[in-house]
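Trainee: Please take a close look at one topic for me, the salt bridges, and explain each term as you go. I would like one connected account that I can follow with the model in view.

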Amino acid sequence: MLGGAGLLLAAAPAQAAEVAYKTECIPPSISGLPPVEGTTKVEITAPAEAKVGDEVEVVWKTTQAASNNPDVLDLDKDTVKPTGTVKVGGAQTADLAVEGTRSNPPIKKNSPMVLSDMKGKIKLTAPGEVTLTPDKYNINVSKPISTDTKCSPKETVKPGATIKVTGGGATTGGLPTGLPTGLPTGLPTGLPTGLPTGGSTPTGTPSSGSDTGGSGGGKSDFTGKEVQIPYKCKTPIGDKSATSPVQINAKKDGGNYGLTVQFKKSVMDSPADIPADSVKPSMEVKLGGADKGTVHVEGPTNKEPIKSGAPINIPDLTGTYKPGADGKSTLSPGVLTVKALGTTTTCTPSKTEVSLEIDTAAQPGGAAGGSGAAGGSAGGADTSGGLAETGSSNDGVLRALGLVAGTVILLGGAVFTFLPKRRARLR
């Protein structure tokens, strides 16, 4: 069958042969994992015979990938896309790019990777035998973020198919016509183990005093002390802990108080690109002493994309505290929540410490016995209980991990380390 400019799909029955070869797969650099070695098995299908000038289709079918889906997360349907290279040899030489579609069944953790067939076309330019040999390939996983793994042969690979080409003389070399799309990818499975320690000096809300005592003498600004808060977070591959220095400041406005919660850590760089408006932190400040309940505070999302290698900062978390009791009330860091890319992560202090104590007067609708207000919204997390496990959005994106101060968010296979710095807001 001829089509277009001498397109010959099959001048003779197609052939398929399985080739197995040792393969090394390189996880994304942000995972910190060593290379993985395994065996790749591929069937190459192509016409057994063709003529010079024909453009033929080559199909790469992966019958076994070099490694399974690791024990990190289940992959959603239609999130995996392979691309690869077929080495063309013999009568003509070329690197033929082949690509598959983003179509796969759901893939469970510790299950074999399922890759769609990759296809490409090549124009035959010389008579003789043309060999087709599978070479390197890449796997791209699109959710919850795009990640790539690169796999390449670690031994000489045998040809998977041979085309017998007949007809006129050679022209120029055969040019591959399959265009690679997608990015090489896979799933990082590790987590950073070094959690930074130590804090910087407070640089936050202006204050007319630095004590944590009462509000006498017409004082309106109150600076809390920096306290070290140990957080416990449950991750998809185990529990993680980190300690973060946190400070709570307050500014009196009538009978209410505007709160500002600051995290004191130096900045670390982002290991991957993060879209704009995709990261939003919040906290439930725990009340004690005369008052009871919690006060919800939150920070803005990042207004611009954060490039790989650029600093990531947790901005100040702000909210309004409406007292519900007369007397000396205390404020302590409580449950932290980080929402990013459709996932919600909650981290709970294993113990907390008072950062600020102020004299309060009960206000109508105040916080005593319930939750404080932040811009009219309620916050009601209990810091005395266990860690709340929160899942992903409706499409089943991986449950994320958030650790403040050595704050790690595991999204898909990508590990983001968020380290706060008060002066550098996300704008």
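Mentor: Begin with Asp-95 and Lys-87, which form a salt bridge in which the closest N and O atoms are 3.0 Å apart; the term stands for a side-chain nitrogen of Lys or Arg within 4 Å of a carboxyl oxygen of Asp or Glu. Please keep in mind that this is a predicted model, in which local features need pLDDT of at least 70, side-chain atom pairs count only at pLDDT 80 or more, and totals for chains, interfaces and linings use all residues. Residues are numbered from 1 along each chain as its sequence is written, and side-chain values use heavy atoms, with hydrogens and water left out.

Side chains of opposite charge can pair when their charged atoms come close. Asp-95 has a relative accessible area of 41%, so this residue counts as partly exposed, a class that lies between buried (under 20%) and exposed (over 50%), computed with a 1.4 Å probe on protein chains only.

Another of them joins Asp-359 and Lys-328, with 3.0 Å between the closest N and O atoms. Here the partners come from distant parts of the chain, because Asp-359 sits in strand 25 (residues 356-360) and Lys-328 in strand 22 (residues 327-332), 31 residues apart; strands are DSSP runs of E with at least two residues, numbered from the N terminus, as helices are (H or I, at least four residues). Asp-359 is partly exposed at 26% relative accessibility, and Lys-328 is partly exposed at 43%.

A further salt bridge brings together the side chains of Lys-61 and Asp-117, at 3.9 Å from N to O. Lys-61 is placed in strand 6 (residues 55-64) and Asp-117 in the loop between strand 8 (94-99) and strand 9, so this pair ties together parts that are 56 residues apart in sequence. At 37% relative accessibility Lys-61 is partly exposed, and Asp-117, with 31%, is partly exposed too.

For another kind of link, turn to the one disulfide found in a search of the whole structure, where a disulfide is a pair of cysteine sulfur atoms within 2.5 Å. The sulfur atoms of Cys-25 and Cys-151 are 2.1 Å apart, and this pair joins strand 3 (residues 14-26) to strand 11 (residues 147-153), 126 residues apart. Cys-25 is buried, at 4% relative accessibility, and Cys-151 is buried, at 3%.
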